[in-house]
Structures are given as C-alpha cells and as structure tokens.
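User: I'm new to this one, so please walk me through it. I'll ask as we go.

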Amino acid sequence: MKSKIHEHKKNSFKLVSKKQILYLFVIFISLTTVAQTENSRLTHFNLEHKVALQGYDPVAYFKQGKAVKGKKELTATYEGVTYNFSMPVNREYFLKNPSRYEPQFGGWCAYAMGDSGEKVEINPQTFKIVDEKLYLFYNAYFNNTLKSWNKDQVNLKSKAESNWKKTIK
C-alpha cells in the first residue's frame, strides 16, 4: 500500500512539474513576444526620449482639428510608445482605443514613406486626417511635403502602406 501511495505521489509530482514547466514556458513566450513588439515599435517609431509626436497630443488632431502640445505629466503608454495629452479627457479617449489615434507609419513623414520608403522627420503641426487616420508631414526650409502628398494622395498612400510593411518586418 505504501508503495502505491509513494508511486501516486511521485506521478503527481511529475504531473505538477510538467504543468508548471508548461505554464512557465507559455509565460516566457508571451513576455518575449510582448517585449519584441515593444522593441520593434521603439525601433521603428519616430520618438524623442520614447515619446511620440514630439510630445503633441494624438487625440487633439481628431477632436480639436489641430496640433496641441501635450503635458509631460499627462501620459499614456501603448505597446512601449508613450504619448502626452493636453487634457485628461483626451487621455481617456486614447486609452479606450489607442490604435485609432496613433499616427500612421510610426509618426514619420507620410509623403517620404510613399515616395521613397524613407523615415523622414516631421513637423507635428503639418498633418492630415484621411479615412480617420493621422498622417504627418515634413515641413521646413520651403518644403511642405503635405502639398506634394495632396497632388497624388491615393498613389502615395498606397505606396507608403506597402513601404511601411517592408520597414517593420
């Protein structure tokens, strides 16, 4: 009888150990995947000190129709990327649906992404909302790429989407 009890305990221990190992493996894979996603986003997004949009409020582009500087003390982080907000209600909108408010192409110039597939800096005050998505543009030294984008938006948008997929692979 003792032998059967001892054998049962031994088998139970093996079963628990296998379950624990499987559980730890699943946790490890999950954390690794999340870390890779965050690292990929941090590598490919246009960030200054891990903050997107040069500190501008992503929701303000949609709700206020203009670029509004966010506050350093009013932030939210989505998959490793931090955003600043100008007011608490904008932060709440963002937290309910972050992907709706994130800039396209990691916050790089949409025109450059479509024209050449390059990551080019932007002027956060030069933007356009197209199909409920935020597109940003380079605008300096008498070169406002939004004007060029507007001349061939459909073609450039399609090319930019294709180029961005290649970039983030």
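Analyst: A term to begin with: a residue is buried at under 20% relative accessible area, exposed at over 50% and partly exposed in between, using a 1.4 Å probe and protein chains only. The model is predicted, so local features need pLDDT of at least 70 and side-chain atom pairs count only at pLDDT 80 or more, while totals for chains, interfaces and linings use all residues. Residues are numbered from 1 along each chain as its sequence is written, and side-chain values use heavy atoms, with hydrogens and water left out.

User: Is Tyr 83 buried or exposed?

Analyst: Tyr 83 counts as buried, because its relative accessibility is 0%. Tyr 83 belongs to strand 4. Strands (E, at least two residues) and helices (H or I, at least four) are DSSP runs numbered from the N terminus.

User: What is Tyr 83 in contact with?

Analyst: Contact means heavy atoms within 4.5 Å. Leaving aside neighbours within four places in sequence, the contacts of Tyr 83 include Phe 45, Ala 52, Leu 53, Pro 58, Leu 74 and Phe 94. Ala 52 is 31 residues away along the chain, yet the C-alpha atoms of Tyr 83 and Ala 52 are separated by 5.6 Å.

User: And Thr 82, buried or exposed?

Analyst: Thr 82 is also in strand 4. Thr 82 counts as buried because its relative accessibility is 16%. Not counting residues up to four places away in sequence, Thr 82 touches Lys 50, Val 51, Ala 52, Thr 75, Ala 76 and Thr 77.

User: Which way do strand 3 and strand 4 pair?

Analyst: They pair in the antiparallel sense, over five bridges. Two strands pair if DSSP finds at least two bridges between them. Lys 71 has Phe 85 in strand 4 as its bridge partner. Strand 3 and strand 4 form a hairpin with two residues between them, and Glu 79 in the turn has a positive phi of about 50 degrees.

User: Let's move to strand 5 and strand 6. How many bridges join them?

Analyst: Five, and strand 5 (residues 123–130) and strand 6 run antiparallel. Phe 127 is bridged to Leu 136 in strand 6. This hairpin has two residues between its strands, and Asp 131 in the turn has a positive phi of about 50 degrees.

User: How many residues of strand 6 are buried?

Analyst: Four of the five residues in strand 6 (residues 133–137) are buried, which leaves the strand mostly covered.

User: What about the largest nonpolar core, how many residues does it have?

Analyst: It has 33 residues, and Leu 53, Tyr 61 and Tyr 83 have the most contacts inside it. Strand 6 gives the largest share of this core, four residues. A nonpolar core is a set of buried Ala, Val, Leu, Ile, Met, Phe, Trp, Tyr and Cys residues joined through side-chain atoms within 4.5 Å. In soluble globular proteins, nonpolar side chains tend to be buried together.

User: Which residues is Leu 53 in contact with?

Analyst: Apart from neighbours within four places in sequence, Leu 53 is in contact with Asn 46, Pro 58, Tyr 61, Tyr 83, Pro 103, Pro 124, Leu 134 and Leu 136.

User: New topic. How many aromatic pairs are there?

Analyst: A search of the whole structure finds nine. Rings of Phe, Tyr and Trp (its six-membered ring) pair if their centres lie within 6.5 Å; planes under 30 degrees apart are stacked, over 60 edge-to-face and the rest tilted. Tyr 61 and Phe 127 make an edge-to-face pair, because their ring centres are 4.7 Å apart and their planes are at 75 degrees. Tyr 61 lies in helix 2 and Phe 127 in strand 5, so the pair ties together parts that are 66 residues apart in sequence. Both Tyr 61 and Phe 127 are buried. Another pair, Tyr 135 and Trp 149, is tilted, at 5.5 Å centre to centre with 35 degrees between the planes. Tyr 135 is in strand 6 and Trp 149 in helix 6, 14 residues apart.

User: Which residues do ring pairs link into a cluster?

Analyst: Phe 105, Tyr 135, Phe 137, Trp 149 and Trp 164.

User: Last one: how many helices and strands does the protein chain have?

Analyst: Seven helices and eight strands. Of the 169 residues of the protein chain, 37% count as buried.
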